Amino acid sequence: MAELTALESLIEMGFPRGRAEKALALTGNQGIEAAMDWLMEHEDDPDVDEPLATPLGHVLGREPTPSEQSSPEGPGSAAGESKPALSEEERQEQTKRMLELLAQKQREREEREEREALERERQRRRQGQELSAARQRLQEDEMRRAAEERRREKAEELAARQRVREKIERDKAERAKKYGGTVGSQPPPPMTEPGPVPSSPSQEPPTKREYDQCRIQVRLPDGTSLTQTFRAREQLAAVRLYVELHRGEELGGGQDPVQLLSGFPRRAFSEADMERPLQELGLVPSAVLIVAKKCPG
């Protein structure tokens, strides 16, 4: 039974013609298995479909023969032409064998990639464990150094206290030797007179409250009254204007001017007082004013 050429077998298996020719050329036409291995290893290369940059004969390590240069398929094409044509059954059988070989190669590749992935995972875990152990050792070293530093500081503090106590005892002994008697016979220090006790906050004078409004009740000559709230900083003229706008018809219907008097102590407000604020006139927070007719002239 005649067999397909390596190039034809690769094309029958579904590989592009250019990629199959490139695989055969780069593997030195060592067979379909070598070409399939190359194709599976380089199927993800970005330049896998680019044509070869050098002639085919140079890639294989020899100069192409005149028959190869004239043939578009390169080496092996002449031998392929001399072989008898395959029947459809023979072609299917050979294609089946090639597909089984391709599936086997793919399984081998997947198994190899799985082993490599497992090895990478083991390395990653091992590196993680080593890093964790190194970090733990570093933390332990830092804790040990901190504990040693605290012990050293505590020892220095105790030594300093001991030196202070010894100096105090020496000073006591020197004073006793200088002035005579024992150390305990020294006179007690004089008692200090207690200072004046500060007064409690409740005894402090209350602060004056600031009001921003005042309630004014205005008694009219007819016995009625008007009550309104004004701002503390408003002028007394605002109160007079309010009275003139709201007094009844019996008081002149708003035609005659009015004069404002304070109830107690009795005081008549002048025109100059009309420009002064209610707060300054002592009418805050509330006051009672009396309206009297202002004599003309």
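Visitor: How many helices and how many strands are there in the protein chain?

Guide: Happy to start there, with the reminder that this is a predicted model. Along the sequence, the pattern reads α-α-α-α-α-α-α-β-β-α-β-β-β. The chain therefore holds, with helices and strands taken as DSSP runs, eight helices and five strands.

Visitor: Which element gives the largest share of the largest nonpolar core?

Guide: This core has 20 residues, and Ile216, Val218, Leu236, Val239, Leu283 and Leu289 touch the most other members. Two or more residues come from each of strand E1 (213-219), strand E2 (225-231), helix H8 (236-246), strand E3 (258-262) and strand E5 (286-293). The largest share, four residues, comes from H8.

Visitor: Which residue meets Arg240 in a salt bridge, and what parts does the pair tie together?

Guide: Arg240 lies in helix H8 and its partner in the loop between strand E4 (267-268) and E5, so the pair ties together parts that are 31 residues apart in sequence.

Visitor: Is Asp273 buried or partly exposed?

Guide: Asp273 meets Arg267 in a salt bridge at 3.3 Å, N to O, and forms another with Arg276. Arg267 is partly exposed at 33%, and so is Arg276 at 27%. Buried means under 20% relative accessible area; Asp273, at 8%, therefore counts as buried.

Visitor: Which helix holds Glu111?

Guide: Glu111 gathers with Glu108, Glu110 and Glu114 in a patch of negative charge on the surface. Its relative accessible area is 44%, which means partly exposed. The helix, spanning residues 88-179, is H7.

How values were computed. Residues are numbered from 1 along each chain as its sequence is written. This is a predicted model: local features need pLDDT of at least 70, side-chain atom pairs count only at pLDDT 80 or more; totals for chains, interfaces and linings use all residues. Side-chain values use heavy atoms; hydrogens and water are left out. Patches are made of residues with over 30% relative accessible area and no salt bridge: like charges are joined within 9 Å, nonpolar side chains (Val, Leu, Ile, Met, Phe, Trp, Tyr) within 5 Å. Accessible areas come from the Shrake-Rupley method with a 1.4 Å probe; for residues, only the protein chains shown count as cover. A salt bridge is a side-chain nitrogen of Lys or Arg within 4 Å of a carboxyl oxygen of Asp or Glu. Lys and Arg count as positive and Asp and Glu as negative; His and the chain ends are not counted. The place of a charge is taken as NZ of Lys, CZ of Arg, CG of Asp or CD of Glu. Buried means under 20% relative accessible area, exposed over 50%, partly exposed in between (1.4 Å probe, protein chains only). A nonpolar core is a set of buried Ala, Val, Leu, Ile, Met, Phe, Trp, Tyr and Cys residues joined through side-chain atoms within 4.5 Å.
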